[in-house]
Amino acid sequence: MAAKQNWLKLNEQDSVLVALADLPVGTDVGDGLTVSETIPRGHKLARRAIAAGEPVMKFGIPIGIATKPIAAGTHIHTHNLEFQTMRVNWRLGGAAATPKPANRSVGFDGFKREDGRVGTRNYLGVLTTVNCSATVARLIADRFRREVDLSGFPTIDGIASLTHHQGCGARGDGPNIALLRRTLAGYAHHPNFAGVLVVALGCEDNQVHDFMAKAGLHASERLKPFIIQEEGGTEATVRAAIDALKTMIEPAAAAKREPVGAENLVVGLQCGGSDGFSALTANPALGKAVDLLAAAGGTGILSETPEIYGAESLLLARVTDPAVGEKLIELIRWWEEHASHDNGSLDNNPSPGNKAGGITTILEKSLGAVAKSGSSPLTAVYRYAEPITAKGAVFMDSPGYDPVSATGQVAAGANLVCFTTGRGSCFGCKPAPSLKLATNTPMYRRMKDDMDINCGEIVDGTASMDEMGERIFDLMLRTASGQKTRSEELGYGDEEFVPWNYGATY
């Protein structure tokens with residue numbers, strides 16, 4: 001895929017070119033074609049005349065239907081292109097998955113836990129069973145930071161207070177409470193936490209002792225529950241909780257990084273604030289890195305089910321077990337029905353920012369989203385926040401909303417997150433470090449304090465896709481070994497904990 005001046009042809013079957021810079025009227029783009037109206041950077045230009053009702057092709061795949069005749073050299077976007085379900089025959093493993101690259105003997109320095117899992121960070125944490133205990137949890141963390149100097153304990157990364165707005169006003173045995181409990185259990189058990197407090201009010205539907213019992217969690221020196229109503233109120237709970245955290249410092253400080261294999265790295269794959277360059281640079285480059293990770297025995301988690309819609313066939317072609325493909329098909333059907341209950345459509349997913357960046361339909365967005373998972377075989381499909389044990393490229397069900405999706409991935413065991421962005425998302429995800437991959441150089445320069453790597457170099461011509469994939473993989477390993485990400489340096493991660501609440505969340 002080679003850039004020609006300021007535009008790009010992705011596939012010979014395509015009816016569009018992609019503008020790599022603003023293309024003014026009169027720009028000659030070759031083959032006798034001249035731009036007849038200004039095309040913004042990242043947007044699509046018609047390569048030829050397209051009839052009303054004709055599929056518009058990008059990457060050799062339909063991304064929508066022309067709503068009116070489109071003249072060659074004109075802008076293709078929401079004013080003349082719309083989503084239309086174009087279900088192809090789902091074939092499970094019909095196209096052989098790309099063979100794994102040669103295995104690399106690589107690893108990182110991590111924290112080995114008693115259960116055999118490996119942490120990339122070493123946090124103390126405060127979780128809540130319900131929104132009603134959120135203020136107390138924040139007070140505990142804030143006062144602990146003020147009162148306790150952790151500078152003498154360099155292996156402790158700090159304290160994370162993760163609150164949410166759920167836990168009551170729902171059936172105690174209902175699906176929302178069950179989903180919340182599965183998410184909280186994943187965090188309470190996460191290898192990036194050395195010690196965790198769980199703060200409850202006392203009268204909520206998500207009763208703390210029921211939650212812990214059903215999650216298989218037991219009170220211990222590492223995991224301690226507190227009930228505000230039983231402790232004697234806010235001040236008493238805060239003081240008792242801080243005292244408990246102090247007892248966790250010495251065991252947490254005793255944990256030391258040691259060399260481990262890359263098979264212990266579990267990476268959540270996210271994209272947010274996507275633009276017309278996401279599918280050209282950062283997403284496929286991250287896919288190259290995921291192939292390297294899979295070859296080394298590690299795990300990459302693709303999620304955001306509404307954002308693979310229309311491109312699910314690319315994943316189904318990579319399954320080696322038909323049962324895995326059937327699970328993915330079930331998820332797609334569930335989401336179609338889920339969207340219809342809200343009188344909506346999965347094409348509602350592209351945000352105003354996505355569209356401003358050049359993405360028109362969910363079909364177009366999905367092509368880039370799937371690219372994050374690389375080309376290795378798809379080995380397993382999981383429910384939201386379900387513990388992930390398979391290796392290689394896997395899929396976990398989630399909404400497309402980044403904080404909800406990433407929360408589920410971390411609950412499932414991700415100890416690192418890679419987040420591609422074209423518009424400039426600001427994000428962190430404690431206790432897992434989050435790397436930001438910029439899709440284009442102008443945004444990277446504008447938001448350099450928030451970005452970890454510039455994948456815009458691919459269209460700039462200063463790095464190949466394979467080279468960028470290697471750089472991302474090496475950055476994953478360095479980050480897993482303790483190198484701070486931009487979001488960590490800026491203090492992100494406490495407010496981005498957002499468990500999924502079933503409803504119309506896209």
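Predicted model: local features only at pLDDT ≥ 70, side-chain atom pairs only at ≥ 80, totals over all residues.

Student: How do the axes of H1 and H5 cross?

Tutor: The axes of H1 (residues 134-147) and H5 (residues 234-254) come within 9 Å and cross at roughly 55°. An angle between 35 and 65 degrees counts as oblique, so H1 and H5 are oblique to each other. The crossing is right-handed.

Student: Which residues meet there?

Tutor: From H1, they include Leu 139, Ile 140 and Phe 144, and from H5, Val 238, Ile 242 and Leu 245 are among them. The contact residues split into nine nonpolar, two polar and five charged.

Student: Switching to H14, what span should it have?

Tutor: H14 has 16 residues (465-480), so at 1.5 Å a residue it should span 22 Å, and its end C-alpha atoms are 23 Å apart, which agrees. Its buried residues include Met 465, Ile 472 and Phe 473. Just after H14, Gly 482 has a positive phi of about 125°.

Student: Which residues other than glycine have a positive phi?

Tutor: Phe 59 is one of them, with phi near 60°, and Glu 304 also has phi near 60°. Most residues other than glycine have a negative phi.

Student: Is Glu 304 buried or exposed?

Tutor: Glu 304 is buried, because its relative accessible area is 0%. Its loop runs between strand E16 and helix H7. Phe 59 is partly exposed, at 24%.

Student: And where's the cis peptide bond?

Tutor: From Lys 430 to Pro 431, with omega near 10°. Pro 431 lies in the loop between strands E19 and E20.

Technical notes
Residues numbered from 1 in each chain as written. Heavy atoms only, no water. Helix = DSSP H or I, 4+ residues; strand = E, 2+ residues; numbered from the N terminus. Expected span 1.5 Å × (residues − 1). Buried < 20%, exposed > 50% of the residue type's maximum accessible area, 1.4 Å probe, protein only. Axes fitted to C-alpha atoms, helices over the stretch in contact; angles between N-to-C directions. Parallel < 35°, antiparallel > 145°, perpendicular 65-115°, else oblique. Left-handed = near helix turned anticlockwise from the far one by under 90°. Contact = heavy atoms within 4.5 Å. Nonpolar A, V, L, I, M, F, W, Y, C, P; charged D, E, K, R; others polar.
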